[in-house]
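Reader: I would like a close look at a single part of this model. Please take it step by step and connect it to what surrounds it.

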Amino acid sequence: MILQLLSTTSKMVQVMYLVDTLDNSTIRQLRNHTKLRSGSLVTFVVSHRQSSIDQAIALIREEIDRFVNDSDWNHRLLGEPVLRGVRRITPLGTHLEVLLITKSGGQWVSEREFQLRVLRRFEAEGVVLADGLELTRLT
């Protein structure tokens, strides 16, 4: 059923709203598209104080290779994680994204493990993550 509602917002302008309704009893089949796979978009915000964004990208790429080759974790993945690169640049820092495609239900634990690995690697290599100090210089 489609209802047409006519609203007069002024003498010159009329706005028409269409409302679609669907009775629950008419739904015959639902599909859960996360039944076989799930995904997680992991974002790392690297500080503008970081001298080389290329270093951070290279370290993430190395951690992806390690993650894929780790027998304790690779069985959860349906494919190699995708390093999507720079998502955006904000006053806080440069946002780097990695897409993990996992078996259904495995996205959260895989995301946490992958983030921990990258964090440890960044700490060991001196990569500076955004911490809000960038914003204090703006005020």
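In which helix is R117 found?

Author: This is a predicted model, and the answer is helix α2, which covers residues 107-125. Start with R117 itself. R117 counts as buried because its relative accessibility is 15% and the cut-off for buried is under 20%. The side chain of R117 is joined to that of E113 by a polar contact of 2.9 Å. If neighbours within four places in sequence are left aside, R117 is in contact with E63, R66, F67, D70 and W73. Helix α1 takes in residues 53-69, and E63, R66 and F67 are among the contacts of R117.

A second residue to look at in helix α2 is Q107. Q107 has a relative accessible area of 11%, so it is buried as well. Leaving aside neighbours within four places in sequence, its contacts are S38, G39, S40 and T102. With S38 there is also a polar contact, side chain to side chain, at 3.3 Å. Q107 and R37 lie 70 residues apart along the sequence, while their C-alpha atoms are 8.7 Å apart in space.

Strand β3 runs from residue 37 to 46 and has two faces. S38, S40, V42, F44 and V46 make up the covered face, and R37, G39, L41, T43 and V45 the uncovered one. Helix α2 lies across β3 and β5, at about 25° to β3. Helix α1 lies across β3, β4 and β5, and runs at about 10° to β5.

The strands form an open sheet of 3, in the order β3-β5-β4, with antiparallel pairing. β3 and β4 (82-89) are at the edges, and each has a single partner strand, so one side of each has no neighbour in the sheet. On average, neighbouring strands of the sheet are turned by 25° against each other, direction ignored.

The pairing of β3 can be followed residue by residue. Strand β5 covers residues 94-103 and pairs with β3 in the antiparallel sense over 10 bridges. Opposite S40 stands L100 of β5, and F44 has L96 of β5 as its bridge partner. S40 and F44 both belong to the covered face of β3, and S40 is one of the residues that Q107 contacts.

Notes
Residues are numbered from 1 along each chain as its sequence is written. This is a predicted model: local features need pLDDT of at least 70, side-chain atom pairs count only at pLDDT 80 or more; totals for chains, interfaces and linings use all residues. Side-chain values use heavy atoms; hydrogens and water are left out. Buried means under 20% relative accessible area, exposed over 50%, partly exposed in between (1.4 Å probe, protein chains only). Helices (H or I, at least four residues) and strands (E, at least two) are DSSP runs, numbered from the N terminus. Two strands pair if DSSP finds at least two bridges between them. A polar contact is a pair of N or O atoms within 3.5 Å; within protein, one must be able to donate a hydrogen and the other to accept it, and residues adjacent in sequence count only if both atoms are side-chain atoms. Contact means heavy atoms within 4.5 Å. Axes are lines fitted to C-alpha atoms, for helices over the stretch in contact, and angles run from 0 to 180 degrees between N-to-C directions.
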